[in-house]
Amino acid sequence: NFREQELIRVVPGFFPTADDVADQMIGYLGNLNGADVLEPSFGSGRLIMAVLRAYPAAKVLGVEQNFRLHELYSGIEQRATLVRTDVMEWTPGREFDAIIMNPAFEKGHDSAEILRVYRWLKRGGTLVSIVARPTIESPRGKNELQLGQMVTDQGFTERLEDGSFDHARTGVKTNIIVLHKP
């Protein structure tokens, strides 16, 4: 949509998830009907809408701090609970059956956000996230190394096709990570 393309140009770090990638991510989560699902940096709401299309009975909580993006998700307020804050400064006070996310990639933010929200995943739950490929394949910092070990011990990673974010005007190479909390 035109407004989303305009925001891609002016909002730093806003790279919405393509529908086919969102569907692929949901495929790793299992049946979400009746499940408590967190989307901790929902941007335009594409992942929330993908969850609700596939599992209308899912109970989705979305968190987003960027108020410029809020105009893009009109209509999902009736189907999901939305919190307008920075997930890195927020605590939900409960745990979730599943977490689906596409965090900002720059400066290692993806690994820091994943490590933070993983604490809110119930035992037996699954977290699926997009990450910048170097986060997993050539980790540099403490958070990236810790996340890489978690992926090795509790899940897996899969490369997304190069160009998966061309629609968002970025050539960033990405992976999906899947973590199953024991």
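Modeller: Partly exposed means a relative accessible area between the buried limit, under 20%, and the exposed limit, over 50%. Keep that in mind as we read this predicted model.

Colleague: Is Lys 122 buried, exposed or partly exposed?

Modeller: Lys 122 has 28% relative accessibility, so this residue counts as partly exposed.

Colleague: Which residue forms a salt bridge with Lys 122?

Modeller: Start with the general idea. Side chains of opposite charge can pair when their charged atoms come close. Here, Lys 122 pairs with Asp 97, and their closest N and O atoms are 3.2 Å apart. Distant parts of the chain are linked this way: Lys 122 sits in strand E5 (residues 121–132) and Asp 97 in strand E4, 25 residues apart. Asp 97 is also partly exposed, at 28%.

Colleague: How many salt bridges does a search of the whole structure find?

Modeller: The search finds 6. One of them joins the side chains of Asp 36 and Arg 94, at 3.5 Å from N to O. Asp 36 belongs to strand E1 (residues 36–39), and Arg 94 to the loop between strand E3 (81–83) and strand E4 (96–101), so this pair ties together parts 58 residues apart in sequence.

Colleague: Is Asp 36 buried or exposed?

Modeller: Asp 36 is buried, with a relative accessible area of 15%. Now compare another pair. Arg 140 and Glu 144 meet at 3.6 Å, N to O. Arg 140 is exposed, at 60%, while Glu 144 is buried, at 4%.

Colleague: Which residues are linked in a network of salt bridges?

Modeller: Asp 36, Lys 59, Arg 94, Asp 97 and Lys 122.

Colleague: On to the nonpolar side. Which residues touch the most other members of the largest nonpolar core?

Modeller: General idea again. In soluble globular proteins, nonpolar side chains tend to be buried together. In this model, the largest core has 29 residues, and Met 25, Leu 32, Val 37, Val 60 and Ile 100 touch the most other members. Helix H2 (19–27), helix H3 (46–54), E4, E5 and strand E7 (174–180) each give two or more residues to this core. H3 gives the most, with 5 residues. Apart from this core lies another, of 22 residues, including Val 63, Leu 115, Trp 120 and Leu 121.

Colleague: What does Val 37 touch, leaving out residues up to four places away in sequence?

Modeller: Among its contacts are Leu 32, Val 60, Phe 96 and Ile 100.

Key
Residues numbered from 1 in each chain as written. Predicted model: local features only at pLDDT ≥ 70, side-chain atom pairs only at ≥ 80, totals over all residues. Heavy atoms only, no water. Salt bridge = Lys/Arg side-chain N within 4 Å of Asp/Glu carboxyl O. Helix = DSSP H or I, 4+ residues; strand = E, 2+ residues; numbered from the N terminus. Buried < 20%, exposed > 50% of the residue type's maximum accessible area, 1.4 Å probe, protein only. Core = buried A, V, L, I, M, F, W, Y, C linked by side-chain atoms within 4.5 Å. Contact = heavy atoms within 4.5 Å.
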